[in-house]
Amino acid sequence: MRTRVLSLLVVLVAWQIGSLLAGELVLPSPVTTISRFGDLMAEGRLPRALVIGLQALAIGGGAAVLVGIPLGIILGVRRRLGQAFDFYFSALYVTPFSAVAPLFVLWFGIDAGARMIFIFFFTLPQIVIVCYQGARSTPDRLIEVARSYQASGRDVFLKTILPYEVPFIFTALRLGVGRAVQGMVIAELLISATQGLGFLITVYGASLDIAAVLAVVLFIMLIGIVASLLVQRLEDAIAPWRHGSSTSGEGSGA
Amino acid sequence: MPERPIKLAVEGLHKTYRTKRPRDTFLRRLLPDLNSETTEVVAIEDLTFDIRAGEFVSIVGPSGCGKTTALRIMDALVPHDGGRVLINGTEVTEPRPECGFVFQDFGLYPWRTVTANVAFGLELRGVAPSERRERARQYINLVGLKGFESHYPHQLSGGMQQRVGIARTLAIEPEILLMDEPFGSLDALTRRIMQFELLRILESQRPTTVVFVTHDLEEALLLSDRILVMTRRPGRCKEIIDIPFDRPRTDAVVDSPEFLELRRHLWESLREEQVGVTDETEARAS
Amino acid sequence: MTATAAPAGKRAGSTTLGTWIGRILRPQVLSIAGFVAVWWLASLGQPRHILPTPFDVLGEIWRMAFETGELWAALQISVVSLLVGGGLALLVGVPLGVLMGASRSVERALDLYVIALYVAPVSALTPLFIFWLGIDLAPRVATVFVFAVPQVIITCFRGARSTPRTHLEVARAFRASRRDIFTKVVVPHEIPYIVTALRLGLGQAIKGMVLAELIVSTTGLGLLLHTYAQLFDTAALIGVVIVLMVLGVLATAAVARLETAITPWRRPA
């Protein structure tokens with residue numbers, strides 16, 4: 001813990017020194033940034049923008065979860081379907097999806113709906129891929145055990161594949177939340193918002209209020225971190241047996 | 001057995017084994033597969049014995065009695081808490097050049113070919129490349145792997161991998177060979193073949209002193225001059241049995257009545273200890 | 001006790017018509033054909049600026065690539081930021097990741113920031129980069145860098161930390177020095193992870209590149225996308241997007257190939 005506190009202090013001091021050297025206008029000091037953050041919260045602009053962003057996040061990301069989990073499992077269980085469709089999701093996952101943003105603007109406009117759709121498609125592949133891999137990687141041995149007890153196809157699914165899948169679903173949720181927050185920010189930056197966090201950044205950036213921009217940016221990043229940690233906590237609480245299994249779906253897009 | 005000098009002495013060895021789970025760091029919370037380090041408590045208490053030059057001594061004992069730990073302590077791979085290990089009369093504080101260790105899971109480097117694996121120890125000792133290739137070739141031939149010099153470990157069967165492991169250790173020409181269940185992960189047939197191979201190889205390398213940890217009683221009987229039986233945890237020396245068979249040993253030894261008699265004695269001696277362990281494990285599990 | 005080295009040779013002369021049809025009618029091929037067919041049917045009767053037909057899009061890709069050449073020109077501009085930013089990420093990330101894996105105090109000192117960059121939406125930083133660094137190459141390089149570097153660090157960290165205990169123990173039994181353990185055990189074990197870091201980092205870097213271009217949008221692909229969006233030229237827009245996606249997939253696949261080629265000791269998957 002001491003090392004960590006020390007390293008935090010070092011960064012804060014470096015930030016302070018940097019701001020003294022570069023000037024408050026270019027790099028506002030930590031104190032200025034925090035007080036500006038206080039202003040924004042007090043004025044209610046930041047909370048309002050946050051609510052708008054989180055709405056899009058909840059609807060777009062929630063829809064991705066609702067669609068992605070069953071879709072991933074179905075693709076994993078039905079091998080033929082999986083072979084036919086899995087590469088769409090890995091392609092969506094590895095490609096720079098933000099390139100689609102201008103297209104979405106043409107199709108869906110620039111309001112909250114367009115951003116929700118963007119977040120949906122941004123988050124979906126992550127969730128499908130992890131659930132797909134989970135269902136597909138159910139060890140044959142476990143399925144054989146179930147078969148040897150004359151389990152029906154339905155029982156094999158409900159009592160073997162699905163329980164095996166649970167930790168993967170949580171991994172999908174955790175990674176999906178991160179993805180969705182990133183999607184939200186990209187959507188707000190690219191699908192020209194007239195409200196929301198991205199809009200705040202644009203407006204304050206235009207008026208050269210860098211302390212405000214910094215406050216908003218750091219706040220958004222903090223949200224992303226806290227969200228990931230929260231889901232991790234939830235996961236530890238609900239699926240404690242998963243410790244030690246490597247399901248952190250990194251590099252799963254290949 | 002004629003009186004030969006004491007090669008390796010273990011005096012009143014103590015070991016208390018605690019593996020603390022490392023505190024969670026943020027990175028490890030995110031990468032759960034790095035998070036699993038098992039907690040295990042193994043203890044050795046007052047273990048004492050001598051091994052004379054050129055002797056082949058096996059250590060057997062119930063699961064978890066600390067026989068592997070004891071072997072590791074002899075090469076200072078694991079620290080100990082009390083007592084001492086002497087090799088050629090001096091206390092062991094770090095891995096000794098006189099010792100060569102053979103690991104149960106082979107411990108081959110997957111990125112090195114057979115030759116490069118066998119040459120590993122020589123390389124660390126600064127032997128010139130041409131000479132270490134030559135010596136590696138010699139030991140690869142000795143263990144019967146001629147023709148596989150440039151294979152990678154994953155291209156070899158388990159038995160062949162352990163042949164590489166043995167060649168790698170012999171290549172540094174150790175006076176003492178410490179072998180930790182070297183054939184434990186092989187199938188029964190391969191294991192038997194490897195046992196006779198080891199006997200053959202050692203005939204050509206004598207006098208090499210060997211300490212051999214195993215849980216296979218027949219293996220211990222077939223290979224050893226003496227067998228040390230350890231008690232259940234905390235591990236101590238329960239008894240030391242002399243094995244009278246002449247060398248070189250053949251298949252016939254296994255079928256002799258003496259062999260069967262010794263095996264029964266060993267088995268009973270071990271069962272007493274193992275029963276206690278089993279009870280303990282079950283008690284802890286419930 | 002046989003070597004499993006000799007790969008099963010491909011049976012010669014088996015390319016009959018039947019196997020060819022079987023090879024062509026793979027699920028993926030069928031599914032792509034189906035996708036294009038559905039797209040084509042959906043686009044019938046739609047105005048071109050809403051949903052162009054697949055053939056419109058192909059025509060646009062052809063035009064941009066081979067008639068005007070604007071696609072390559074834009075790509076050339078964009079790739080500079082990818083190479084510089086990605087290269088920097090490797091240069092900084094690999095040693096940092098290995099160091100964090102090798103030393104617990106370095107890990108404790110830096111893990112907060114690595115995780116923060118890894119899970120936080122770093123795209124929010126691009127407007128700041130524009131403010132600090134202008135609208136030229138620098139903010140794009142910086143974006144590519146912050147996209148790629150946490151991935152690189154974490155992959156290398158994972159590699160260094162996952163050095164099997166027996167590998168270290170063998171080295172100690174053979175009396176290897178700390179330096180020998182590092183150069184002969186930790187580093188060779190790390191190499192495949194570095195290539196993996198390259199692959200995952202490249203994927204991230206491409207995403208960062210495109211995003212930065214879209215936000216900065218004064219040159220390269222970003223400008224191209226913007227221009228066609230302003231012109232409501234949906235076919236060209238989809239064309240650019242498809243080319244980007246294909247390039248992204250190809251680049252990642254190429255590095256994946258490299259990954260298996262560079263580490264012959266790994267059991268073929």
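How far apart are the end C-alpha atoms of helix H4 (residues 70-102) of chain C, and what span should its 33 residues have at 1.5 Å a residue? The end C-alpha atoms of H4(C) are 47 Å apart, which agrees with the 48 Å that 33 residues should span at 1.5 Å a residue. This comes from a predicted model. H4(C) does bend, by about 25 degrees at Gly93(C), and the proline Pro95(C) follows within four residues.

Helix H8 (residues 153-190) of chain A gives another result. H8(A) has 38 residues, and a straight helix would reach 56 Å at 1.5 Å a residue, but the end C-alpha atoms of H8(A) are only 47 Å apart. A kink of about 40 degrees lies in H8(A) at Leu162(A), shortly before the proline Pro163(A).

**Chains A and C**

|---|---|---|---|---|---|

Read from the N terminus, the elements of chain A run α-α-α-α-α-α-α-α-α-α. The pattern of chain C along the sequence is α-α-α-α-α-α-α-α-α-α-α. Taken along the principal axes, the C-alpha atoms of chain A fill a box of roughly 75 × 50 × 30 Å.

**Where chain A touches chain C**

Between these two chains, 42 residues of chain A are in contact with 43 residues of chain C. On the side of chain A that touches chain C, the elements giving two or more residues are helix H1 (2-22), helix H4 (79-94), helix H5 (101-108), H8, helix H9 (196-206) and helix H10 (210-238) of chain A. H10(A) gives the most to this side, with 9 residues. The kinked helix H8(A) is also among the elements listed. By residue type, the side of chain A that touches chain C divides into 28 nonpolar, 12 polar and 2 charged.

**A helix pair within chain C**

Within chain C, helix H6 (residues 126-133) packs with helix H7 (residues 137-161) at an angle of about 145 degrees, and their axes are 8 Å apart. The crossing of H6(C) and H7(C) is right-handed. H6(C) makes the contact through Thr126(C), Phe129(C), Ile130(C) and Leu133(C), while H7(C) contributes Ala138(C), Pro139(C), Ala142(C) and Thr143(C). These contact residues divide into 6 nonpolar, 2 polar and no charged. A general point about spacing bears on such lists: an α-helix has 3.6 residues a turn, so residues three or four places apart point the same way.

**One residue of chain B**

Phe49(B) is placed in strand E2 (residues 43-52) of chain B. Is Phe49(B) buried or partly exposed? Phe49(B) has 18 other C-beta atoms within 10 Å and is therefore partly exposed, since a buried residue needs 20 or more and an exposed one has 12 or fewer. Leaving aside residues up to four places away in sequence, Phe49(B) touches Val10(B), Leu228(B), Cys237(B) and Ile240(B). Phe49(B) and Leu8(B) are 41 residues apart in sequence, yet 8.6 Å apart in space from C-alpha to C-alpha.

Methods. Residues are numbered from 1 along each chain as its sequence is written. Chains are lettered from A and ligands numbered from 1 in the order in which they are written. This is a predicted model: local features need pLDDT of at least 70, side-chain atom pairs count only at pLDDT 80 or more; totals for chains, interfaces and linings use all residues. The expected span of a helix is 1.5 Å times one less than its number of residues. The bend at a residue is the angle between axes fitted to the seven residues ending there and the seven starting there. Axes are lines fitted to C-alpha atoms, for helices over the stretch in contact, and angles run from 0 to 180 degrees between N-to-C directions. A crossing is left-handed if the near helix is turned anticlockwise from the far one by less than a right angle, and right-handed if clockwise. Two residues are in contact if their C-beta atoms, placed from the backbone, lie within 7 Å. Ala, Val, Leu, Ile, Met, Phe, Trp, Tyr, Cys and Pro count as nonpolar, Asp, Glu, Lys and Arg as charged, and the others, Gly among them, as polar.
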